[in-house]
Amino acid sequence: MKYYSTRDTSVRLTSAEAVKQGLSRDGGLLTPEMIPQIDGEFLQALSTVSYQERAAKVMGLFLTDYTEEELREFAQNAYGPDKFDNPAVAPLWKVNDGAYCLELWHGPTSAFKDMALQMLPQLLSAALRKTGEEKTACILVATSGDTGKAAMEGFADVPQTKIMVFYPKDGVSAVQEAQMVTQEGENVNVCAVVGNFDDAQAGVKRIFSDVSMRKSLADRGYFLSSANSINWGRILPQVVYYVSAYCDLLHQDCLQLGEKMNVCVPTGNFGNILAAYYAKRMGLPINRLICASNCNDVLTDFLRTGVYDRNRPFHTTMSPSMDILVSSNLERLLFDLSGENDREVRGYMEALAADGKYEVSEEIKAALEGQFWGGFCGEPETLDTIARYYKEYGYLIDTHTAVAANVLEQYRRETGDQTLTVFASTASPYKFCDHVLRAIGEVPQGNGTDLLDQLYAVTGIAVPSRLAALKGKARRFEQTAEKAEMENAVQAFLK
Ligand SMILES: *Cc1c(COP(=O)(O)O)cnc(C)c1O
């Protein structure tokens with residue numbers, strides 16, 4: 001299977017090239033030229049095997065230049081007991097007969113980013129081999145908190161790679177910062193940027209498009225690569241857990257083969273929900289895709305009106321991984337819904353760049369209306385949802401998951417649709433102790449990792465072991481850079 005660009009369908013790359021390159025040279029996103037189909041027999045067979053086996057099977061349908069043995073080995077490495085603290089990897093927690101919470105945070109960094117970032121380094125390493133690449137990949141990441149740590153954890157000491165992460169100095173939670181500055185590995189580096197996430201992101205983009213920098217790095221044996229969710233190697237591992245969730249529900253007799261479920265996803269860059277959309281396109285019985293936003297509600301408006309308009313205030317919220325006004329992966333959805341019309345997609349993206357705004361065609365609007373539903377959840381409602389879940393079900397959820405749980409309730413009220421729904425839980429509540437403590441009526445005491453103890457003392461819910469271990473860990477990185485110094489920081493790292 002080949003991959004082409006959402007902005008130019010004459011581009012044709014193998015899956016290994018697509019993973020290595022990350023983004024198409026025309027700025028488009030690399031996308032499979034066809035969507036493989038699965039049927040009841042496939043799902044039935046997967047319902048009795050391990051998560052790792054499911055991952056190898058589903059990914060193998062798209063990555064035709066990787067062997068099944070390779071993918072099986074990668075899945076063992078990525079999702080084994082040394083990495084994930086639950087043997088089911090992505091277990092379902094039953095809220096009631098109609099709602100199941102898909103826990104995606106059992107990996108090494110306690111956020112759902114691990115689901116893809118434990119796999120991507122292995123896909124990339126193999127891609128370097130398969131394409132005869134001799135240079136070292138230097139992965140640059142701008143993070144609002146979760147991606148940076150998960151990417152370093154995935155790439156630490158992976159041969160022929162180096163990774164440098166930039167995070168906004170005052171824009172991440174105390175636990176997130178501690179996770180990043182204590183990261184081990186000879187090939188990793190972390191730098192705080194004086195500014196917000198957009199500043200860090202703009203700096204990384206500047207470095208990527210700096211031709212003279214690329215040349216000087218190439219002369220020293222490096223090429224730049226990305227671990228952001230625009231890389232197909234990040235989206236595909238996420239398709240797996242929606243298939244897996246369906247298989248678990250089948251296996252536990254919670255639904256009959258062919259019966260549809262809804263999926264509800266707390267959304268930022270549109271990567272996670274796009275993976276659910278691809279699962280639906282492959283033939284997984286999914287009814288509605290419910291897109292949950294925080295008060296950065298640009299996607300809610302888009303799904304309701306067909307107009308994408310980023311010209312609005314940016315809100316810093318207690319669910320920071322969803323504080324985003326330009327959801328990059330939406331481009332892949334537009335490409336698919338337009339009948340793979342690269343010219344049309346190019347037009348939307350040009351309008352977005354020029355005016356911060358575009359309106360999709362009537363065909364796309366109709367397709368969105370049939371398949372998606374968008375809603376958003378404000379800050380007080382987020383706290384209230386955490387409190388209610390804790391009180392009613394004894395189940396503690398983080399701020400991002402609470403947004404999804406709340407929007408699902410809104411969806412039910414407005415549509416009356418009672419279809420069984422799986423909603424994604426994207427982080428452990430221990431990553432956002434401060435807000436979670438306040439939500440359940442406690443006053444946070446102390447700072448940083450002290451709050452882990454406090455949340456444990458109050459709830460008795462086990463602290464993920466890697467987060468508990470942060471307390472004794474030495475800080476390895478103390479570097480801070482002004483925005484304009486980011487290039488120099490990269491040059492110094494690659495000396
Ligand atoms: C990244 C992230 C999200 C948003 O996921 P997208 O794929 O960007 O839509 C939601 N919750 C958490 C905890 C995250 O880290």
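Predicted model: local features only at pLDDT ≥ 70, side-chain atom pairs only at ≥ 80, totals over all residues.

Reader: Which residues of α14 meet which residues of α16?
Author: L333, L334 and L337 in α14 meet I364, A367, L368 and Q371 in α16, where contact means heavy atoms within 4.5 Å. Helices here are DSSP runs (H or I, at least four residues), as strands are (E, at least two), and both are numbered from the N terminus. Residues are numbered from 1 along each chain as its sequence is written, and side-chain values use heavy atoms, with hydrogens and water left out.

Reader: What is the make-up of that contact by class?
Author: The contact of α14 with α16 has six nonpolar, one polar and no charged residues; Ala, Val, Leu, Ile, Met, Phe, Trp, Tyr, Cys and Pro count as nonpolar, Asp, Glu, Lys and Arg as charged, and the others, Gly among them, as polar.

Reader: And at what angle do α14 and α16 pack?
Author: Helix α14 (residues 330-337) and helix α16 (residues 362-371) pack at about 110°, and their axes are 10 Å apart. Axes are lines fitted to C-alpha atoms, for helices over the stretch in contact, with angles running from 0 to 180 degrees between N-to-C directions. That makes α14 roughly perpendicular to α16, given that angles under 35 degrees count as roughly parallel, over 145 as roughly antiparallel, 65 to 115 as roughly perpendicular and the rest as oblique. The crossing of α14 and α16 is right-handed, a term used if the near helix is turned clockwise from the far one by less than a right angle, anticlockwise being left-handed.

Reader: Is Q371 buried or exposed?
Author: Q371 counts as buried, at 17% relative accessibility; buried means under 20% relative accessible area, exposed over 50%, and partly exposed in between (1.4 Å probe, protein chains only). Leaving aside neighbours within four places in sequence, Q371 is in contact with Y277, K280, N287, R288, L289 and L337.

Reader: Switching to backbone, what stands out about phi at E340?
Author: E340 has a positive phi of about 60°, although it is not a glycine. Most residues other than glycine have a negative phi. E340 sits in the loop between α14 and α15 (342-355), and it is partly exposed, with a relative accessible area of 26%. D157, in the loop between α7 (146-155) and β7 (161-168), also has a positive phi, near 60°.

Reader: Now the rings: how many aromatic pairs are there?
Author: The count comes to 19 aromatic pairs, where rings of Phe, Tyr and Trp (its six-membered ring) pair if their centres lie within 6.5 Å, and planes under 30 degrees apart count as stacked, over 60 as edge-to-face and the rest as tilted. One of them is the tilted pair of Y3 and W232, with 5.9 Å centre to centre and 50° between the planes. Y3 lies in strand β1 (residues 3-5) and W232 in helix α11 (residues 232-251), so the pair ties together parts that are 229 residues apart in sequence. Both Y3 and W232 are buried.

Reader: Which aromatic cluster does that pair belong to?
Author: Y3 and W232 form one aromatic cluster with F62, F270, Y277, Y278 and F372.

Reader: Back to helices, how do α3 and α4 cross?
Author: The axes of helix α3 (residues 51-62) and helix α4 (residues 68-79) come within 8 Å and cross at roughly 135°, and the two helices are therefore oblique to each other. In this crossing, α3 passes α4 in a right-handed sense. Their contact has seven nonpolar, three polar and four charged residues.

Reader: Last one, where does K483 lie?
Author: K483 lies in the loop between β16 (480-481) and α22, and at 39% relative accessibility K483 counts as partly exposed. Beyond its neighbours within four places in sequence, K483 is in contact with V193, V194, D199 and R206.
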